[in-house]
Amino acid sequence: MTTAPRPPRPSLTLSSTVLDAPDAAELADFYRRLLGWEPVQQEPDWVKLLPPGGGPGLGFQTEKAYKPPTWPASLKAGGDQLTMLHLDFEVTDLEAGVAHAVAEGATPAEFQPQHDVRVLFDPAGHPFCLFVRDQVPGETPAISPEWVAEQARDIRTQDPLVAEAVTPDRRETTEEPERGPGDGVPV
C-alpha cells in the first residue's frame with residue numbers, strides 16, 4: 001500500500017489562549033491587574049492582553065451563555081460545565097502570589113489537591129494555578145489549607161456576587177466521587 005506524501009507543515013505559532021466570560025472587558029481587567037499585561041486590542045466583546053516581553057497572550061470574549069466550570073470535577077456533574085483547561089502561573093513566592101491574586105479579585109479554592117500549588121478562581125469562575133518551579137516535593141506548604149478556607153469564607157461574606165460564584169456545591173466539593181461499575185471509571 002502506498003501512502004501519499006504529506007504536504008509540508010505550515011508555520012503555526014500560538015498567539016493566545018482565549019477565555020469566555022460574561023463580560024470580556026471585566027475579566028481582561030482582572031488579568032491585566034494580576035499579570036501587569038497591557039491590552040493590545042479592545043473591541044466591545046473582545047480584549048487581548050500581551051506580556052511586556054512578547055510571547056503568547058490572553059484573549060477574552062464575551063459569551064452571554066457562559067457558565068462557570070465546576071472544579072474539582074465530579075463524576076456526577078450532570079449538566080455542569082466542566083473545566084476544559086486552566087492557566088498555570090509560576091511565582092517566586094507562593095504566599096505572596098496568592099495574596100496578590102486575592103487582592104485583585106481571585107478566590108482561593110477550598111480544595112487544594114497539591115501542597116506546592118495553589119488553585120484559585122478568577123472573577124468569572126475559571127480555575128487557575130500558582131506554583132513555584134523549584135518547590136521541593138514534600139515540603140510544608142507555604143499556605144495552609146486553613147488559611148485558604150478562611151480567605152474564601154472572608155471573601156464570600158464581604159461580596160455577595162463572589163459568594164454566589166464560589167458556593168461550595170458548585171466548585172469547592174472536597175468529597176471523592178463515588179465510583180462503580182458502569183460509570184466509565186475502573187473500580
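Author: Contact means heavy atoms within 4.5 Å. The model shown is predicted.

Reader: Which residues is Ser16 in contact with, leaving aside its neighbours within four places in sequence?

Author: With those neighbours left out, the contacts of Ser16 are Lys48, Gly57, Leu58 and Gly59. Ser16 itself belongs to strand E1, which covers residues 16-21.

Reader: Is Ser16 buried or exposed?

Author: Buried means under 20% relative accessible area. Ser16 has 18% relative accessibility, so Ser16 counts as buried.

Reader: Where is Asp23 placed, and why does Asp23 count as partly exposed?

Author: Asp23 sits in the loop between E1 and helix H1, the helix of residues 24-35. The relative accessibility of Asp23 is 35%, so Asp23 counts as partly exposed.

Reader: Which residues form the negative surface patch with Asp23?

Author: Glu26, Glu43 and Asp45 form that negative surface patch together with Asp23.

Reader: How many helices and strands are there in the protein chain, and in what pattern?

Author: The protein chain has 4 helices and 8 strands. Along the sequence, the pattern reads β-α-β-β-β-β-α-β-β-β-α-α.

Reader: What can be said of the chain as a whole?

Author: Of the 187 residues in the protein chain, 37% are buried. Among contacts with a separation of 6 or more, 58% are between residues 24 or more positions apart. The protein chain exposes about 11700 Å², and 53% of that comes from carbon and sulfur atoms.

Notes
Residues are numbered from 1 along each chain as its sequence is written. This is a predicted model: local features need pLDDT of at least 70, side-chain atom pairs count only at pLDDT 80 or more; totals for chains, interfaces and linings use all residues. Side-chain values use heavy atoms; hydrogens and water are left out. Helices (H or I, at least four residues) and strands (E, at least two) are DSSP runs, numbered from the N terminus. Buried means under 20% relative accessible area, exposed over 50%, partly exposed in between (1.4 Å probe, protein chains only). Patches are made of residues with over 30% relative accessible area and no salt bridge: like charges are joined within 9 Å, nonpolar side chains (Val, Leu, Ile, Met, Phe, Trp, Tyr) within 5 Å. Accessible areas come from the Shrake-Rupley method with a 1.4 Å probe; for residues, only the protein chains shown count as cover. A salt bridge is a side-chain nitrogen of Lys or Arg within 4 Å of a carboxyl oxygen of Asp or Glu. Lys and Arg count as positive and Asp and Glu as negative; His and the chain ends are not counted. The place of a charge is taken as NZ of Lys, CZ of Arg, CG of Asp or CD of Glu.
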